[in-house]
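Good morning, and thank you for joining. I would ask you to look at the model as I go through a sheet and then a helix.

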Amino acid sequence: MNIPKELKYSQDHEWVKVEGDTATIGITDYAQSQLGDVVFVELPEDGAELAVGAGLSVVESVKAVSDVYTPISGKIIAGNESLADAPELVNQDPYGEGWIAKIEITDSAELANLLDSEAYEQLVAEGGH
């Protein structure tokens, strides 16, 4: 299983890549493997202000419909429009082309509440909850 060391993770299986005051968010390799083939991704609305734990997106797969929550507070600055035509990117490249949203971080102190790659790896090893 792929768990990049440079990313931060939530207990709900989202990943966060921080670049300055911008965070890119997606779902982890573990999450996409649990979902199976992704057939639809509902993107967040540009400009929406979201608090930690708010609904960011909905990912629909052949097996289930799953909510994606924002692991950090911020303002949506972009949704990954490529997912409208190619939702399978979430499966094929969850940490790259399969990203879901970019947000402008409003409280960088919240990053301290996220898991590093080792802690996330342990969470997955314990059954993912």
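This is a predicted model: local features need pLDDT of at least 70, side-chain atom pairs count only at pLDDT 80 or more; totals for chains, interfaces and linings use all residues.

Residues are numbered from 1 along each chain as its sequence is written, and side-chain values use heavy atoms, with hydrogens and water left out.

Strands (E, at least two residues) and helices (H or I, at least four) are DSSP runs numbered from the N terminus. Two strands pair if DSSP finds at least two bridges between them. Over four bridges, β4 and β6 (residues 55–61) pair in the antiparallel sense. They belong to an open sheet of three strands, in the order β4-β6-β7, with antiparallel pairing. Its edge strands, each pairing on one side only, are β4 (38–42) and β7 (65–69).

I turn now to α4. Which residues of helix α4 are buried? In this helix, residues 117–125, they are Ser117, Tyr120, Leu123 and Val124, where buried means under 20% relative accessible area and exposed over 50% (1.4 Å probe, protein chains only). These residues cover an arc of only 120 degrees around the axis, taken from the directions from the helix axis to the C-beta atoms, which puts them on the same side of α4. The face turned away from that buried side carries the exposed residues Glu118 and Ala125. After α4 comes Gly127, with a positive phi near 110 degrees.
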